[in-house]
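The following questions and answers concern a single protein chain. Please consult the sequence and the structure while reading them.

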Amino acid sequence: MLKKLLISSASILISSAALMFATPARADFVVCNKAAGRAYVAISWTDQQGQTWSRGWLQLDPGNCGSAFRGRVSNAEIGVYAETPTGVVASGNTRRCVIWVQVQASWNIRDAANSNRCKGNGREMKAFETIRTGGSPDYTYEVYD
């Protein structure tokens with residue numbers, strides 16, 4: 001009986017130690033596609049120096065999720081613009097520059113709020129929805145048709 005108790009105590013201690021030293025979960029801004037077709041997602045944010053950025057395209061098949069912004073997003077404002085084959089499914093009032101996916105599948109734009117920098121092949125100002133993430137270090141946004 002004492003041997004079983006010692007083995008159980010050792011197992012609990014080892015399990016507790018493993019939890020204490022486990023790698024912390026990543027905190028990201030995640031987008032999940034709940035739409036019927038592929039979703040094309042762009043995000044925007046303002047960095048600590050006050051510079052506006054936009055990034056695209058996170059391409060998600062139906063039912064899939066992906067990290068649109070890596071790192072802690074607590075108390076952040078992140079803009080989201082999304083399209084599916086049925087049309088625009090996420091937009092708002094914050095205008096930022098994007099590059100059409102047909103022209104460039106992956107991009108980052110600095111000074112994305114400046115419409116003068118949004119000239120050229122495949123560039124266009126789009127209206128992003130502003131998401132306030134609250135106090136959580138991560139946030140999941142869902143795209144619907």
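Q: What share of the accessible surface of the chain belongs to carbon and sulfur atoms?
A: In this predicted model, local features need pLDDT of at least 70 and side-chain atom pairs count only at pLDDT 80 or more, while totals for chains, interfaces and linings use all residues. Residues are numbered from 1 along each chain as its sequence is written, and side-chain values use heavy atoms, with hydrogens and water left out. Accessible areas come from the Shrake-Rupley method with a 1.4 Å probe, and for residues only the protein chains shown count as cover. The accessible surface of the chain comes to about 8,900 Å², and the share of carbon and sulfur atoms is 52%.

Q: What percentage of the contacts with a separation of 6 or more is between residues 24 or more positions apart?
A: A contact means heavy atoms within 4.5 Å. Among the contacts in the chain with a separation of 6 or more, the percentage for residues 24 or more positions apart is 73%.

Q: Is asparagine 33 buried or exposed?
A: Asparagine 33 is placed in strand β1, residues 28–33. Beyond its neighbours within four places in sequence, its contacts include Arg38, Ala39, Asp61 and Val143. Buried means under 20% relative accessible area, exposed over 50%, and partly exposed in between (1.4 Å probe, protein chains only). Because its relative accessibility is 1%, asparagine 33 counts as buried.

Q: What distance separates the C-alpha atoms of alanine 39 and aspartate 145?
A: Alanine 39 lies in strand β2, residues 39–46, and counts as buried because its relative accessibility is 0%. Leaving aside neighbours within four places in sequence, alanine 39 is in contact with residues including Asn33, Leu58, Glu83 and Val143. Alanine 39 and aspartate 145 are 106 residues apart along the chain, and their C-alpha atoms are separated by 9.4 Å.

Q: With which residue does aspartate 61 form a salt bridge?
A: A salt bridge is a side-chain nitrogen of Lys or Arg within 4 Å of a carboxyl oxygen of Asp or Glu, and by this rule the count comes to 5. For aspartate 61, the closest N and O atoms are 3.0 Å apart, and the partner is arginine 38. The pair links distant parts of the chain, 23 residues apart: aspartate 61 is in the loop between β3 (52–60) and β4 (65–70), and in the loop between β1 and β2 is arginine 38.

Q: How many residues apart in sequence are the parts that glutamate 77 and arginine 132 tie together?
A: The side chains of glutamate 77 and arginine 132 meet in a salt bridge with an N to O distance of 3.2 Å. Because glutamate 77 lies in strand β5 (residues 77–84) and arginine 132 in strand β9 (residues 123–132), the pair ties together parts whose separation in sequence is 55 residues.

Q: Which residues do salt bridges that share partners join into one network?
A: Glutamate 83 and lysine 126 meet through their side chains in a salt bridge (3.8 Å, N to O). This pair links distant parts of the chain, with glutamate 83 in strand β5 and lysine 126 in strand β9, 43 residues apart. Glutamate 83 is partly exposed at 27% relative accessibility, whereas lysine 126 is buried at 16%. Salt bridges with shared partners form one network of Glu83, Glu124 and Lys126.

Conventions. Helix = DSSP H or I, 4+ residues; strand = E, 2+ residues; numbered from the N terminus.
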